[in-house]
Amino acid sequence: MEEYIVSALKYRPLTFDSVVGQRSLTTTLKNAISSGKLAHAYLFCGPRGVGKTTCARIFAKAINCLSPQDGGDACGKCESCLSFDQQRSMNIHELDAASNNSVEDIRELCKQVLIPPQVGRYKVFIIDEVHMLSSAAFNAFLKTLEEPPSYVIFILATTEKHKILPTILSRCQVYDFQRMTTQNTVDHLMYVARKEGYNAEPEALSLIAEKADGGMRDALSIFDQMVSFSGGDLTYEKVCQNLNVLSQEYYFRLVDYFLDSRVPDCMLLLNEVLQKGFDGNNFVAGLATHLRNLLVSRDAVTLPLLEMSERMRVRYQEQAQRCPVRFIYKCLKLANDCDQAYRISRNKRLQVEICLIQCAQVEATQKTAGQQQASDQMAIQASVQTVADTTAQTVSPPQQAEKQAMPATPETLPVASAPQSAEDGKKKLPKVTFKHFGTGKKEEEVQQKQPVEEMEHLAEPINDEKLTEAWYAFIGSLPHESVALSLRFKGLLPTVKDDNTAVVSVSNPQVKQTVESQMPQILDIMRRTLRNSEFRLETQLTEMQEVVKTYSAPEMLKAMQELNPDVGEMVSRLQLVFD
C-alpha cells in the first residue's frame with residue numbers, strides 16, 4: 001500500500017506558473033529574478049492558505065538555481081535545485097516565529113547570517129508567522145534586517161500585517177496576497193479530482209470553495225474529507241450532508257412560496273429545516289444571501305458578482321426573472337431586520353416565522369395595491385369626464401343672453417363684408433374646476449345651491465337648535481369615503497357662546513388640529529346655514545378629568561392608618577369591625 005499524501009502537500013505548487021490566484025505577484029517576482037533586481041528583504045502578507053510560504057520557497061529555489069530558465073523559473077536539475085527538493089539545502093533556512101520568538105532565537109539567526117553560502121549565490125531565511133516575534137526580538141532583528149550581507153535575503157511571511165512594527169515594514173518590500181476566488185478554487189479542485197480519478201459535480205466543489213472562505217489549503221483539506229466520505233463520488237447532496245450545510249433547494253422552494261403567498265408551506269419548510277438541526281439565525285442569513293444572489297442575477301452588469309457554477313447560475317437567473325425588484329428589496333429588508341432582532345428575541349422561532357409570513361404577504365400586498373390604484377385611476381377619469389360633459393351641456397354662455405337683451409344698433413349689426421372667422425365661430429365652454437371633486441357633487445349642483453344672500457351682510461342670532469342643524473349640515477357635506485372623520489365630528493357638538501360665536505371642546509391637540517384644518521369649510525357651510533356672515537367657531541382644549549376612586553370601608557380604614565398610625569391603635573382598643 002502506497003503512503004498516502006494529503007492533497008495540500010501532494011499538489012503544492014513547485015513553479016510560479018502553478019501558483020493559483022496570485023498572477024500579478026508571481027509575475028513581479030519572476031521579472032525581478034530575470035532582471036537581477038532583488039531586494040534584501042520581502043514581506044508576504046495575506047490570509048491563511050493562499051500561497052505565501054509556497055511562493056517564498058519557489059522564490060528561494062529560483063534565485064539559487066545554477067542554470068535558471070528564461071522567465072525566472074528554476075531548472076530543477078542543478079545541484080542547488082536537487083538539494084532543495086531533497087530538503088538538504090544549506091542555503092535556505094526556514095524559521096517558525098510562532099515557536100522561536102525570543103531574543104536568543106533571533107541572535108542565533110544573526111550568527112548564521114555571517115556564514116556565506118557554500119552552493120549557490122544567496123542564503124535565504126524564510127521566517128513564517130513573523131508577527132509572533134516579541135518586541136525585544138524585533139528590536140534585536142532590526143539592524144541585521146536593515147543592513148544584511150550582500151548574499152543574504154530575508155523573506156518574512158505573516159497573516160496579521162497590522163501587528164508588524166512600522167520599523168520592520170519600512171525595511172521590506174511588501175507583497176499583499178489576495179484571497180482565492182470561488183472560481184479559482186473550483187478550477188483547482190476540479191484539476192485535482194481529474195488527476196486522482198474522482199467524479200465531482202461543479203456544485204459540490206463550489207460549496208467546498210465557499211466553505212474554505214478563500215483559502216486553498218482549507219479547500220484541499222475539505223476536499224480530502226469529502227472524498228473519504230463519498231468514496232470518490234462528490235455530489236452536491238453528499239457534500240451538504242457531510243458539511244452540515246443547508247441545501248440551496250430549500251431557499252428556491254421558499255421564494256416560490258413567497259411569490260404564491262403560501263404561508264402554511266413556508267411554516268412547514270421552516271419546521272423541516274429546524275428538525276434537521278439547523279439554527280434559525282443561520283437559516284435567515286442564508287435566506288438573505290439567496291435574495292442577494294437573486295438581485296445580482298437580474299442584471300447582466302452585476303452577474304459576474306455571482307460566484308458559483310454555471311448550472312446554479314442559470315437557476316438563479318430563472319427565478320430572478322419571476323421576482324419583481326420591489327419584492328426582492330422588501331424581502332431583503334425583512335430578512336436583515338430579522339437577523340438583527342434574532343439575537344435579542346426571547347422567542348427566536350416566532351421571530352423567524354413572522355419574517356417568513358411578512359415575506360409571503362409582500363407580493364399579495366403589491367398586487368392588491370396595484371389593482372386598487374388602477375381602479376381609483378379609472379374612477380377619477382370617469383368622474384372628470386362626467387363633470388366635463390355635464391357642464392358643457394347645461395351651462396349656457398352668458399354672452400348670448402346679453403346679446404339677445406340688447407337693442408339692435410349699427411354697432412351691433414353684423415357686417416356682411418366681414419366673414420366670420422373659425423375662431424369666432426367656435427363654441428366657448430366655461431372653465432371646469434375641481435374644487436368639489438370627491439364629494440359626490442357635480443359643479444353645476446354646487447353653483448345652483450349658492451344662495452343669493454351670500455353677497456349680503458346677514459347677522460341672525462344663533463341658538464342651540466340652529467347650531468346643531470348647521471353642524472350636521474357640515475358633517476353631511478364631507479365625502480362618503482371619510483367615514484372616520486364624520487364619526488369624529490359627530491362626537492364634537494359645539495355650544496353657543498354669544499349671538500355670533502360658538503365653542504367646540506376637544507380632548508387632545510391632534511383632534512384640535514383636525515378641526516382647525518377643516519375650519520374654512522366649516523365656516524362656509526355653517527354661515528350659510530345659520531344666515532350669519534359674522535359667525536365664528538372657537539376650539540377649546542379641555543383637560544382630562546382625574547377619575548376619582550371609590551374606596552370600600554376596609555380600604556378607607558387602611559388608607560387612614562397609613563396617614564395616621566394612631567387610627568389603627570384606636571380601632572384595636574375599641575375593637576371596631578368594618579364590613
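Which residue in β10 stands opposite Val503? The legends below begin with the strands that answer this.

This is a predicted model in which local features need pLDDT of at least 70 and side-chain atom pairs count only at pLDDT 80 or more, while totals for chains, interfaces and linings use all residues. Residues are numbered from 1 along each chain as its sequence is written, and side-chain values use heavy atoms, with hydrogens and water left out.

**View 1. Strand β9 with its partners β8 and β10.** Val503 stands opposite Glu538 in β10. Strand β9 (residues 501-506) and strand β10 (residues 536-541) run parallel and are joined by six bridges. With strand β8 (residues 495-496), β9 runs antiparallel through two bridges, and here Thr495 stands opposite Val503. A hairpin of four residues leads from β8 to β9. Five of the six residues of β9 are buried, so the strand is largely enclosed by the rest of the structure. (Strands are DSSP runs of E with at least two residues and helices are runs of H or I with at least four, numbered from the N terminus; two strands pair if DSSP finds at least two bridges between them; buried means under 20% relative accessible area, exposed over 50% and partly exposed in between, with a 1.4 Å probe and protein chains only.)

**View 2. Helices α5 and α6 side by side.** Helix α5 (residues 103-113) packs against helix α6 (residues 135-146) at about 15°, with the axes 8 Å apart. That angle makes α5 roughly parallel to α6 (angles under 35 degrees count as roughly parallel, over 145 as roughly antiparallel, 65 to 115 as roughly perpendicular and the rest as oblique). From α5, Val103, Ile106, Leu109, Cys110 and Val113 meet Ala136, Ala137, Ala140, Phe141 and Thr144 of α6 (contact means heavy atoms within 4.5 Å). By class, this contact of α5 with α6 has nine nonpolar residues, one polar and no charged ones (Ala, Val, Leu, Ile, Met, Phe, Trp, Tyr, Cys and Pro count as nonpolar, Asp, Glu, Lys and Arg as charged, and the others, Gly among them, as polar).

**View 3. Ser247 in its loop.** Look for Ser247 between α11 (236-243) and α12 (248-260). Ser247 counts as buried because its relative accessibility is 7%. Apart from neighbours within four places in sequence, Ser247 is in contact with Tyr236, Glu237 and Cys240.

**View 4. Two loop residues with positive phi.** Gln87, though not a glycine, has a positive phi of about 60°. Gln87 lies in the loop between α4 (79-85) and β2 (92-96) and is exposed, at 75% relative accessible area. Glu129, also not a glycine, has a positive phi of about 50°. Its loop runs between β3 (123-128) and α6, and Glu129 counts as partly exposed at 23% relative accessibility.

Key:
Axes are lines fitted to C-alpha atoms, for helices over the stretch in contact, and angles run from 0 to 180 degrees between N-to-C directions.
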